[in-house]
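Morning, everyone. Please bring up the two chains on your screens, and keep the sequence open beside them.

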Amino acid sequence: MINGESRQVESVVASPLSPHNKALYEAGKTLLVESIEVGREFCKFMIGSSSGAIPVYLGLLKFLLPEHYVLTSRQAVELGAPALVFLLASAVFAVGYFPTKTDVALELLEDINRIRNESVQRRRRFALWGFVIFGTACLWAIVASAVVITLPISGPRVP
Amino acid sequence: MSQSSESLINISVCPLCGLRHTYALAVKRSIVLESLRSFSIETTLPRRFTRLFTCPTKDETFQADITLTDTSSDRIESVTVTGLAPDES
């Protein structure tokens with residue numbers, strides 16, 4: 001099992017995989033394969049969360065608003081905006097979830113590796129931006145809810 | 001600055017099938033700038049790397065400890081198994 005041909009390699013000792021190295025090898029394989037799925041699953045979960053947050057937020061607004069209270073157009077925009085931002089976050093996650101159109105040649109390993117890396121990077125970018133937008137919407141919704149709580153009960157009424 | 005070179009290594013007795021296999025190995029080395037001294041003694045340092053190989057007969061993985069040499073003019077950065085040697089694949 002000793003190498004003699006190469007100038008650089010002094011010796012080679014081959015053996016079956018040790019249990020530790022076998023476990024590491026399996027972990028590496030799992031990391032490589034699942035790195036694509038993790039981003040995709042996150043985007044999928046966040047599409048549901050973002051779009052689900054819209055009716056929850058609107059329901060909360062309806063619950064918190066004093067009865068028969070009529071919003072001014074400016075209030076309506078400010079209080080309604082978080083729902084639109086949730087929708088935007090949902091759209092960003094949806095774009096991240098769907099695969100891009102690429103031609104993969106299975107015999108070119110470098111191509112597969114490049115496409116895999118690009119896909120992981122792309123999902124990561126969309127997941128990050130989607131989460132930033134979702135976080136902004138959450139923050140905005142909390143502030144808006146706090147503002148609604150402080151609204152006077154005897155606000156502008158329908159004439 | 002670094003340079004890459006290819007080496008062939010022989011596994012004369014595969015631990016899985018008992019046959020002889022030859023693999024291509026990419027070795028990346030970083031160049032150490034020579035000192036200003038006019039005379040210097042070349043020193044070498046053996047370095048051991050464990051890499052995984054796939055047996056072409058059984059399509060299973062085994063490991064091999066490879067010993068390479070660092071010299072005073074270059075240092076090994078990475079050792080990658082690129083696959084079976086062209087004549088074997």
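Housekeeping first. This is a predicted model: local features need pLDDT of at least 70, side-chain atom pairs count only at pLDDT 80 or more, and totals for chains, interfaces and linings use all residues. Residues are numbered from 1 along each chain as its sequence is written, and chains are lettered from A, ligands numbered from 1, in the order in which they are written.

Start with the contact between the chains. How many residues of chain A are in contact with chain B? There are 17 in chain A, facing 24 residues of chain B. Contact here means C-beta atoms, placed from the backbone, within 7 Å. On the chain A side, S1 and H1 each give two or more residues. S1(A) gives the most, with eight residues. By class, that side of chain A has eight nonpolar, seven polar and two charged residues. Nonpolar covers Ala, Val, Leu, Ile, Met, Phe, Trp, Tyr, Cys and Pro; charged covers Asp, Glu, Lys and Arg; the others, Gly among them, are polar. Element names come from DSSP runs, numbered from the N terminus: helices are H or I with at least four residues, strands are E with at least two.

Two strands pair if DSSP finds at least two bridges between them. S1(A) and S4(B) have seven, running antiparallel. Look at Ser15(A): opposite stands Gln63(B) in S4(B). S3(B) and S4(B), also antiparallel, are joined by 11 bridges. There, Arg47(B) has Leu68(B) as its bridge partner in S4(B).

Stay with those two strands of chain B. The loop between S3 (44–54) and S4 (61–71) holds Asp59(B). Phi of Asp59(B) is near 60°, a positive value in a residue other than glycine. Is Asp59(B) buried or exposed? Exposed, because Asp59(B) has 9 C-beta neighbours inside 10 Å.

Chain B has another open sheet of three strands, S1-S2-S5, with antiparallel pairing. Strand S1 (2–11) and strand S5 (74–84) are at its edges, each with a single partner strand. The twist averages 25° from one strand to the next. Nine bridges join S2 (21–31) to S5(B). Ser30(B) is bridged to Arg75(B) in S5(B).

Last, the cores. A nonpolar core is a set of buried Ala, Val, Leu, Ile, Met, Phe, Trp, Tyr and Cys residues joined through C-beta atoms within 7 Å. The largest has 19 residues; Cys43(A), Phe86(A), Ala89(A), Phe93(A), Ile133(A) and Ala137(A) touch the most other members. H1 (19–64), H2 (73–97) and H3 (109–149) of chain A each give two or more residues to this core. H2(A) gives the most, with eight. A second, separate core of 15 residues includes Ala14(A), Tyr23(B), Phe62(B) and Ile66(B).

Technical notes:
Buried ≥ 20, exposed ≤ 12 C-beta atoms within 10 Å, placed from the backbone. Contact = placed C-beta atoms within 7 Å. Axes fitted to C-alpha atoms, helices over the stretch in contact; angles between N-to-C directions.
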